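Please open the structure in your viewer and keep the selection tool at hand. The tour below goes from one selection to the next and says what is there at each stop.

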Amino acid sequence: MTAADEFLQVFRARGADIADACTRCGDCFRACPMTGPAGIGGADPGETAAAIVDLITGGAGNAEAVRWGEVCSGSGNCIPACTHGINPRFMVQLARGFARRDAEGPPLPTRWRKPFQTMSRGVRVLSRLQLAPETLARFAPSREPRAKPADVVFYTGCNVLKTPHIALLCLDILDLLGVEYEVMGGVGQCCGVYQYRAGDFESNSKMAYATIDGLASAGAKTVLSWCPSCQISIGEVSLPNYQAQFGEKPFDLNPFLIFLADRADDLARLMRRRVDRRVALHERPVFPGVVEAVKTLLSIIPGTELVEIDVPRVGTQANSLAQLPKFKRELVQRELAAVADAGVDTLATIYHACHREICDAGDGRSFEIVNFMELLGEGLGLDSDDLYKRLKQLREVDDIIADSADLIAAHDLDLDTVRDALLFEFGGAGG
């Protein structure tokens with residue numbers, strides 16, 4: 001049996017286990033916030049769940065199941081709805097992958113390669129248009145041998161490096177806490193989510209296993225993830241597969257913000273400044289523990305008041321709603337209106353993709369949009385500059401290139417590559 005066959009067999013075995021446990025009750029479908037906007041809210045929940053199980057066990061499912069998989073945003077509302085020990089988020093996204101791999105079209109690797117390359121180019125260019133080489137080097141693993149393993153590995157994933165001030169604040173706070181850490185991530189250590197979404201389970205496993213081995217090489221038993229997509233892709237997809245194939249899991253993967261909240265008392269003692277703001281939080285339901293962690297950390301910042309707003313909480317990050325652009329726009333506009341009505345002066349994002357999308361939406365409004373880590377850093381006396389927002393506010397690609405001329409030269413970046421990356425990021429082509 002080839003390695004590719006072994007990778008696929010693990011996915012099929014997990015699908016079979018789910019099929020044995022699933023009662024086809026449809027409670028996961030009823031809990032999903034995407035079915036109505038996707039036009040399948042009237043489908044029979046039990047029949048649709050059964051069709052999802054059919055997809056993950058080699059069948060064709062039905063049109064409603066395929067549509068459900070396509071619009072799954074990873075919200076996770078389905079997880080507590082299931083009383084049978086199944087993770088329906090994994091089940092539905094696994095079905096999406098099987099449906100996509102069986103759909104007519106070009107070979108599987110060609111379906112994800114271009115978006116992956118576009119993402120890689122964007123990360124490389126955007127990070128270098130904001131940071132000098134010596135600062136960017138903070139995200140590289142240390143080259144000096146350690147007498148003992150670091151306490152933790154901070155795993156950046158890929159896309160947070162487009163907004164590097166967020167990741168730098170994470171490292172600065174670990175330094176304040178005296179935590180010994182290694183930093184790993186970037187496109188060379190991708191979680192494999194692009195391959196997984198395309199249904200290329202073989203390429204997904206190859207990439208994800210290489211990343212898992214790389215993270216394990218640091219010797220730390222705890223890896224802290226920033227990105228929720230990486231937490232799902234490695235924590236719910238690839239680490240269980242790895243353990244099934246090799247008999248052990250080399251580390252625990254945990255969200256960084258939960259790790260910080262567990263040390264809230266220590267951070268409270270380190271507070272240096274008042275941050276007199278009334279804050280609304282741009283929440284995502286993907287990991288409820290992360291939202292609670294953020295609220296705990298906001299509560300220790302002197303002068304900061306959290307104001308709850310009543311808006312729908314949907315998705316993993318902003319980009320997880322791309323399949324339903326009208327629904328996505330309506331959610332954003334509803335939230336911005338609710339924030340204005342609440343009379344707060346700050347809307348704080350949690351995750352990086354959400355921040356990239358709306359960081360400049362406060363322009364001309366009664367409130368500012370910042371990332372939550374900026375507030376925490378300010379209270380701790382750490383200075384940060386949201387350079388991504390500044391680039392986005394420049395609007396014109398030529399102006400961004402002129403403004404970034406010194407860094408373009410310092411990193412020896414090709415101007416055509418820079419222009420293409422900026423047009424994609426800021427020119428209306430997506431990102």
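**First stop: a serine in a loop**

Select Ser320 and display its side chain, which reaches the backbone nitrogen of Thr316 at 3.0 Å. Keep in mind throughout that this is a predicted model. The side chain of Ser320 also reaches the backbone oxygen of Gln317, here at 2.6 Å. Tracing the chain to either side, you will find that Ser320 sits in the loop between strand S6 (304-306) and helix H16 (325-342). With a relative accessible area of 17%, Ser320 is buried, because the cut-off for that class is under 20%. If you now leave aside the neighbours within four places in sequence, the residues in contact with Ser320 are Cys72, Ser73 and Gly315.

**Second stop: salt bridges**

Begin with Arg146 and Glu180, which form a salt bridge whose closest N and O atoms are 3.1 Å apart. Arg146 is in the loop between helix H8 (133-136) and strand S1 (152-155), while Glu180 is in the loop between helix H9 (164-177) and strand S2 (181-184), so this pair ties together parts that are 34 residues apart in sequence. Colouring by accessibility would show Arg146 as partly exposed, at a relative accessible area of 34%, and Glu180 as partly exposed as well, at 42%.

Because Lys162 belongs to the loop between S1 and H9 and Glu425 to helix H22 (residues 415-426), the pair ties together parts that are 263 residues apart in sequence. Are these two residues buried or exposed? Lys162 is buried, its relative accessible area being 4%, and Glu425 likewise counts as buried, at 11% relative accessibility.

Then select Glu368 and Arg277, where the side chains meet in a salt bridge at 3.0 Å, N to O. This pair links distant parts of the chain, with Glu368 in strand S8 (residues 368-371) and Arg277 in strand S5 (residues 277-282), 91 residues apart. Glu368 is partly exposed, with a relative accessible area of 36%, whereas Arg277 is buried, with a value of 18%. To finish this stop, select Glu283, Lys295, Glu308 and Arg313 together, as salt bridges that share partners join these four into one network.

Show helix H1 (residues 3-21) and helix H12 (residues 228-246), which pack at an angle of about 105° with their axes 10 Å apart. An angle of that kind makes H1 roughly perpendicular to H12. On the H1 side, select Glu6, Phe7, Val10, Phe11 and Arg14, which meet Glu236, Val237, Pro240, Asn241, Ala244 and Gln245 in H12. Sorted by class, the contact of H1 with H12 has six nonpolar, two polar and three charged residues.

Go on to Gly185, which is placed in the loop between S2 and helix H10 (193-197). Gly185 is partly exposed, at a relative accessible area of 24%. Apart from neighbours within four places in sequence, Gly185 is in contact with Tyr155, Thr156 and Gly157. If you draw a C-alpha to C-alpha distance from Gly185 to Asn159, the two are 9.6 Å apart in space and 26 residues apart in sequence.

**Last stop: positive phi angles**

Most residues other than glycine have a negative phi. Against that background, select Arg24, which has a positive phi of about 60° although it is not a glycine. Arg24 lies in the loop between H1 and helix H2 (27-31) and is partly exposed, with a relative accessible area of 32%. The tour ends at Asp412, a residue other than glycine whose phi is also positive, near 55°. Asp412 is found in the loop between helix H21 (405-410) and H22, and at 69% relative accessibility Asp412 counts as exposed.

Notes
Residues are numbered from 1 along each chain as its sequence is written. This is a predicted model: local features need pLDDT of at least 70, side-chain atom pairs count only at pLDDT 80 or more; totals for chains, interfaces and linings use all residues. Side-chain values use heavy atoms; hydrogens and water are left out. Helices (H or I, at least four residues) and strands (E, at least two) are DSSP runs, numbered from the N terminus. Buried means under 20% relative accessible area, exposed over 50%, partly exposed in between (1.4 Å probe, protein chains only). A polar contact is a pair of N or O atoms within 3.5 Å; within protein, one must be able to donate a hydrogen and the other to accept it, and residues adjacent in sequence count only if both atoms are side-chain atoms. Contact means heavy atoms within 4.5 Å. Axes are lines fitted to C-alpha atoms, for helices over the stretch in contact, and angles run from 0 to 180 degrees between N-to-C directions. Angles under 35 degrees count as roughly parallel, over 145 as roughly antiparallel, 65 to 115 as roughly perpendicular and the rest as oblique. Ala, Val, Leu, Ile, Met, Phe, Trp, Tyr, Cys and Pro count as nonpolar, Asp, Glu, Lys and Arg as charged, and the others, Gly among them, as polar.
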